[in-house]
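Trainee: I have a new model open on my screen and would like to talk it through with you. Could we take it one question at a time?
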Amino acid sequence: MLEFLETMHPGWFTLLALAENALLVGVGALLGHVALRLPGARRLTPDPGPVSGQELALVASTTVLNTAVTVAGWWLWKAGVIVLATDLGLGTLVELLALVMVMDVLMYAGHATVHLRALFPWVHRLHHVFADARPITLFALHPFEAIGFGAMWLVVLAVHPFSIPALAAYTALNLIFGILGHLGVEPLPQRVRGNVVFRWIATPTMHVGHHAEPRWNLGFYTTVWDRLFHTLEPGYDLRRTAAVPEPYRLTT
């Protein structure tokens, strides 16, 4: 498989990358709509209503830019800057955990940066136009953000060799966390989100709260950095463990 990818014509690989990224958007939207219909799912923000042309345009832009990042990664791999392995075993799980931990701190730092007063109005505010989020809101990003997150990802891959199974698992995990955080609902039952494990693992409620009040809940996969830097919503744990989570009042 790797030999086939290495010898592909750049044009054909670009089309393949575009199809892959479009598929991720479609699968994410489908998973989101399934989660919205899970028994016991509680809406925490108002229903977003019909999708806007602006949101669709941003999703299309992000898909194209993610394709460009994928193609750039392909060229870096062909040049030997990025090294990929095909091993599958216990090491894959270790690599996956390492990827999650590294990306969690980098994405928190990047997210906190675009929330700085000097940058927020010019870059990240565009994403927060969609406070009452829907599944595809995950991909409604300013082009600079899409490029920035993509560049961050390529740097991580260039610094350390990772196996393809670990990268695939991380991609799936990232999509799941992103989609669940942009539903505007809490689909997890109280017995799950009330568990002590979810004190540290981010629930959908956490990112919904960020869209409702942008100064809080800057993390993605965990609450570790929000707790450490005091950016966790003060009432988050009470909301997380409540039998019926209290809806948010949008302030954006």
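Trainee: Leaving aside neighbours within four places in sequence, which residues is Tyr-170 in contact with?

Mentor: Keep in mind that this is a predicted model. Tyr-170 belongs to the largest nonpolar core, where it is among the residues that touch the most other members. Setting aside neighbours within four places in sequence, its contacts are Leu-96, Leu-99, Val-100, Met-103, Met-107, Trp-153 and Tyr-221.

Trainee: Are H4 and H7 roughly parallel or oblique to each other?

Mentor: Start with the geometry: their axes come within 9 Å and cross at roughly 45°. The crossing is right-handed. On the H4 side the contact includes Glu-95, Leu-99 and Met-103, and on the H7 side it includes Pro-165, Tyr-170 and Asn-174. An angle under 35 degrees would count as roughly parallel, so H4 and H7 are oblique.

Trainee: And how are H3 and H6 placed, roughly parallel or oblique?

Mentor: These two pack with their axes 9 Å apart, and H3 passes H6 in a right-handed crossing. Residues of H3 including Ser-61, Leu-65 and Gly-73 meet residues of H6 including Pro-143, Ala-146 and Gly-150. The angle is about 25°, so H3 and H6 are roughly parallel.

Trainee: What about H2 and H7, roughly parallel or oblique?

Mentor: H2 passes H7 in a right-handed crossing, and their axes are 9 Å apart. Leu-24, Val-27, Gly-28, Ala-29, Leu-31, Gly-32 and Ala-35 in H2 meet Thr-171, Leu-175, Ile-179 and Leu-180 in H7. The packing angle is about 50°, and H2 and H7 are therefore oblique.

Trainee: How far apart are the end C-alpha atoms of residues 12–36?

Mentor: UniProt, in an unreviewed entry, lists 12–36 under "transmembrane region", along with 56–76, 96–116, 136–156 and 162–185. In the model, 136–156 is 67% helix and 0% strand, with its end C-alpha atoms 25 Å apart. Residues 12–36 are 100% helix and 0% strand, and their end C-alpha atoms lie at a separation of 36 Å.

Trainee: Where does UniProt place "domain: Fatty acid hydroxylase", and how much of that span is helix?

Mentor: The name comes from an unreviewed UniProt entry, which puts the feature at residues 97–231.

Trainee: Is Ser-163 buried or exposed?

Mentor: Ser-163 sits in strand S3 (residues 162–163). Beyond its neighbours within four places in sequence, Ser-163 is in contact with Ala-85, Asp-87, Thr-92 and Glu-95. Its C-alpha atom is separated by 12 Å from that of Leu-2, 161 residues apart along the chain. With 2% relative accessibility, Ser-163 counts as buried.

Trainee: And Val-51: buried, partly exposed or exposed?

Mentor: Val-51 is in the loop between strand S1 (42–43) and H3. Leaving aside neighbours within four places in sequence, Val-51 is in contact with Leu-56, Arg-134 and Ile-136. The C-alpha atoms of Val-51 and Phe-130, 79 residues apart along the chain, are separated by 9.9 Å. At a relative accessible area of 38%, Val-51 is partly exposed.

Trainee: Asn-217 has a positive phi although it is not a glycine. Is Asn-217 buried or exposed?

Mentor: The phi of Asn-217 is about 60°, and the residue lies in the loop between helix H9 (204–212) and helix H10 (224–228). Its relative accessibility is 0%, so Asn-217 counts as buried.

Trainee: His-230 has a positive phi too. Is His-230 buried or exposed?

Mentor: His-230 has a phi near 60° and is found in the loop between H10 and helix H11 (236–241). Its relative accessible area is 66%, so His-230 is exposed.

Terms used:
Residues numbered from 1 in each chain as written. Predicted model: local features only at pLDDT ≥ 70, side-chain atom pairs only at ≥ 80, totals over all residues. Heavy atoms only, no water. Core = buried A, V, L, I, M, F, W, Y, C linked by side-chain atoms within 4.5 Å. Buried < 20%, exposed > 50% of the residue type's maximum accessible area, 1.4 Å probe, protein only. Contact = heavy atoms within 4.5 Å. UniProt positions renumbered as here; feature names shortened; annotations may be inferred. Helix = DSSP H or I, 4+ residues; strand = E, 2+ residues; numbered from the N terminus. Axes fitted to C-alpha atoms, helices over the stretch in contact; angles between N-to-C directions. Parallel < 35°, antiparallel > 145°, perpendicular 65-115°, else oblique. Left-handed = near helix turned anticlockwise from the far one by under 90°.
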